[in-house]
Amino acid sequence: PILVACPKTVIDVWIEEAAKWVGLKAIALIGPKKKRVKLLNDNFDKAHMFVINYDGLRTFTKQRRKLIQNQGNRRRVVYENDIAKNYPWQVLVADESSKLKHHTSLQSKTIHAFGHIPYRYILSGTSITHSPLDLYSQFRFLQPELFSPNFHVWKQDYVHVTRQRLPRGSSSRYTHFEKVTGYKNLDRLFRQVNPYVVRFKKEDCLDLPPKTYQQQYIEMEGDQLKAYKSLAKDYIAFIQDNVVTVSTALAKILRLQQVTQGFYVDAETEALHRFKKNPKLRALVQLIRDLSPKHKIVIWCRFVEDLRRVKELCRDIKMEAGRPAGVPYVSVSGDTPFEERSAHIKKFQNEESVRVFIGQIQTVGMGVTLHAADYAVYYSQDYNFDNRAQTEDRIHRIGHESDKVIYIDLSCKH
């Protein structure tokens, strides 16, 4: 049989498309671990394909110490996966393989444990999202002999690194760190991987309209503007006077972004407070009024509070005279039960009355099809290029019938 590992949001897509295009019986391995094992044991000789999400597959991975005789009888930690070890798979497909780009993550090591399977495939529209080093972990699964088993040895051939001293006052026990300043020998790297790559560009295969981008800048006001300026001033002073770790910097940027979205979380009580005035929400109201009568819209949100506010807005928005309040919508987030997600997506895709899809970027920004929409509005977003590229392609894909695809970013000025 075939085993497909993929993000949870696209399990249903694999089940449906396998039956539709090649007539394969596919079974989703979801639910508690015991249930997944039972599904696998009961159907292994009956089904053509099993589909499991990366987190579900990871639960079957175990560490053990293995004696390596050709390395001075040393023991080293190896990762074994019960599903990889106990079942005679012939094919493994790792979909959205950019999820495997960190070679030290348990998710990647789980997939590496399947390196003995005869036929292995990785699928991705964005296999390199941060740097050429993203290829290492993916090819450790796809073609283990291609690269050195030691990442740091392999990296020296392709990266310019400088050794820099940590600032005084750093809490780290180290005094120096390595900083990547550039890349080298990339032609050689790509020559190595090219024999194993089949690449299709959208423009070569599909007749899709070009992407159009619009930026709407919004002025903050009142207490929201005061809070933003006060936080920004405090953070600048903090950065000037302290050694700042990446995690601390990101946490402070996150709080500033929350203020631009019209809310903040009290650091001491963890209580959530909304500002009375939210100019970004007003801008979204106007977009929905202007667009939803003639167009379907996807609204992307990063924060749970954003999802809550946008859903409230869609329920209560006053449309043109003579029409009832509200605009029909569906929403998918991390809180949406898995078995309901596919139904919500189909409802947006197939029912003309449903005009708005509200999606959480981290949950449904990858793999699903939302091409019934020709507008995507980014009410909030994260700083991950991979997530942005993936969310854009939810509506810009085969089957899109409109002559336009428009992306609108709502951004606050400060």
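Is Trp89 buried or exposed? Trp89 is buried, with a relative accessible area of 4%. That value, like the others in this talk, is computed from a predicted model.

I will stay with the aromatic rings. Searching the whole structure gives 16 aromatic pairs. A pair of this kind is described by how far apart the ring centres are and by the angle between the planes.

Trp89 belongs to one of those pairs, and its partner is Phe50. The two ring centres are 5.8 Å apart and the planes stand at 80°, so Phe50 and Trp89 are edge-to-face. Phe50 lies in strand S3, residues 49-53. Trp89 is in the loop between helix H4 (82-86) and strand S6 (91-95). That puts the partners 39 residues apart, and the pair links distant parts of the chain. Phe50 is buried too, at a relative accessible area of 0%.

Next, Tyr213 and Tyr407. Here the centres are 5.4 Å apart and the planes are at 25°, so this pair is stacked. Tyr213 is partly exposed, with a relative accessible area of 46%, whereas Tyr407 is buried at 0%.

There is also an aromatic cluster, formed by Tyr136, Phe139, Phe147, Phe151, Trp154 and Tyr158.

Last, charges over rings. Lys296 has its charged end over the ring of Phe348, 4.9 Å from the ring centre. Arg388 places its charged end over the ring of Tyr378, and there the distance to the centre is 3.8 Å.

Technical notes
Residues are numbered from 1 along each chain as its sequence is written. This is a predicted model: local features need pLDDT of at least 70, side-chain atom pairs count only at pLDDT 80 or more; totals for chains, interfaces and linings use all residues. Side-chain values use heavy atoms; hydrogens and water are left out. Rings of Phe, Tyr and Trp (its six-membered ring) pair if their centres lie within 6.5 Å; planes under 30 degrees apart count as stacked, over 60 as edge-to-face and the rest as tilted. Helices (H or I, at least four residues) and strands (E, at least two) are DSSP runs, numbered from the N terminus. Buried means under 20% relative accessible area, exposed over 50%, partly exposed in between (1.4 Å probe, protein chains only). A charge sits over a ring if NZ of Lys or CZ of Arg is within 6 Å of the ring centre and within 35 degrees of the ring normal.
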